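The sequence and structure come next.

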Amino acid sequence: LKTKRTEIKEGEKGDNLYLVEKGNLSCFKEEKGGKSKWLKDYKTGEIFGELALLYNAPRAATIAAETDCLLWSLDRTTFAHIVKDTAIKKRGKYQGFLNSVQIFSTIEPYELTKIVDAVKPVEYKAGQEIIKEGDEGHTFFLLESGSAYATKALG
């Protein structure tokens, strides 16, 4: 991709996402009166164009090369397969695990699938505090592997 070439044009149909291997690109949004508002720059290792694929929506902004760039492209079909395969693997991994947890034993399979889709694994190092007595709880934890212990302050 040569300098100043536009790769994505706001409003167009999006069929690919791009990974920047080399170079810099700028992202702009059209404003009223034909002016462009700078949103962000993309550099090596970053991706752009995924929103149109995720939400089947037109391109939300224009992206143009500021320097000569080398981009990798991933088409909509391949992207959909990767996302779908990842979701299937995650469901397979966590569905069996959650079925073995007593608190989930009475939940309907459809509801369990929704929980599986929402589960996010978090890793803690040995001795690292996970929750603290007295703190407000916003997260439900399940121990997938390893061990943990609980203590209670007396008095």
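## Basis

This is a predicted model, in which local features need pLDDT of at least 70 and side-chain atom pairs count only at pLDDT 80 or more, while totals for chains, interfaces and linings use all residues. Residues are numbered from 1 along each chain as its sequence is written, and side-chain values use heavy atoms, with hydrogens and water left out.

Helices (H or I, at least four residues) and strands (E, at least two) are DSSP runs numbered from the N terminus. Buried stands for under 20% relative accessible area, exposed for over 50%, and partly exposed for what lies in between (1.4 Å probe, protein chains only). Contact, or touching, stands for heavy atoms within 4.5 Å.

## Nonpolar cores

A nonpolar core is a set of buried Ala, Val, Leu, Ile, Met, Phe, Trp, Tyr and Cys residues joined through side-chain atoms within 4.5 Å. The largest one has 12 residues: Ile-8, Tyr-18, Val-20, Leu-25, Cys-27, Tyr-42, Phe-48, Ala-61, Ile-63, Ala-65, Cys-69 and Leu-71. Strand 2 (16-22), strand 3 (25-30) and strand 6 (62-65) are the elements that give two or more residues to this core. Another core, of six residues, lies apart from it and includes Leu-98, Val-101, Phe-104 and Leu-112.

Leu-112 belongs to helix 3. Its relative accessible area is 2%, so Leu-112 is buried. Leaving out residues up to four places away in sequence, Leu-112 touches Gln-95, Leu-98, Asn-99, Phe-104 and Ile-107. Between the C-alpha atoms of Leu-112 and Lys-35 there are 48 Å, with 77 residues separating the two along the chain.

## Helix 2

Helix 2 consists of 24 residues and spans 34 Å from its first C-alpha to its last, close to the 34 Å expected at 1.5 Å a residue. The expected span is 1.5 Å times one less than the number of residues. Phe-79, Tyr-94, Gln-95 and Leu-98 are buried in this helix. The buried residues of helix 2 pack against strand 2, helix 1, strand 7 (70-75) and helix 3.

Gly-92 also lies in helix 2. Gly-92 counts as exposed because its relative accessibility is 54%. Its C-alpha atom is 9.1 Å from that of Val-116, 24 residues apart along the chain.

## Pockets

Pockets are found on a 1 Å grid over the protein atoms alone: a pocket is an open set of points where a 1.4 Å probe fits, with protein on both sides within 12 Å along at least five of seven lines, and lining residues have an atom within 4 Å of a point. Grid points are joined across faces, edges and corners, and a volume is the space filled by probe spheres set on the points. Ala, Val, Leu, Ile, Met, Phe, Trp, Tyr, Cys and Pro count as nonpolar, Asp, Glu, Lys and Arg as charged, and the others, Gly among them, as polar.

The largest pocket holds about 1500 Å³ of space. Its lining has 40 residues, with Tyr-124, Ile-130, Phe-141, Leu-143 and Ala-148 nearest the centre. Helix 2 (76-99) and helix 3 (109-118) each supply at least two lining residues, and the largest share, four residues, comes from helix 2. By class, this lining has 20 nonpolar, nine polar and 11 charged residues.

The second largest pocket holds about 230 Å³. Of its 16 lining residues, Tyr-42, Gly-49, Leu-51, Ala-60 and Ala-61 are the closest to its centre. Strand 4 (36-42) and helix 1 (50-55) each give at least two residues to this lining, with the largest share, four residues, coming from helix 1. The lining of the second largest pocket divides into 13 nonpolar, one polar and two charged residues.

## Lys-9 and Thr-62

Lys-9 lies in the loop between strand 1 (6-8) and strand 2. Lys-9 is partly exposed because its relative accessible area is 38%. Beyond residues up to four places away in sequence, Lys-9 touches Glu-30, Arg-59, Ala-61 and Thr-62. Lys-9 and Thr-78 are 22 Å apart, C-alpha to C-alpha, and 69 residues apart in sequence.

Thr-62 is part of strand 6. With a relative accessibility of 9%, Thr-62 counts as buried. Thr-62 and Cys-27 are 35 residues apart in sequence, and their C-alpha atoms are 5.7 Å apart in space.
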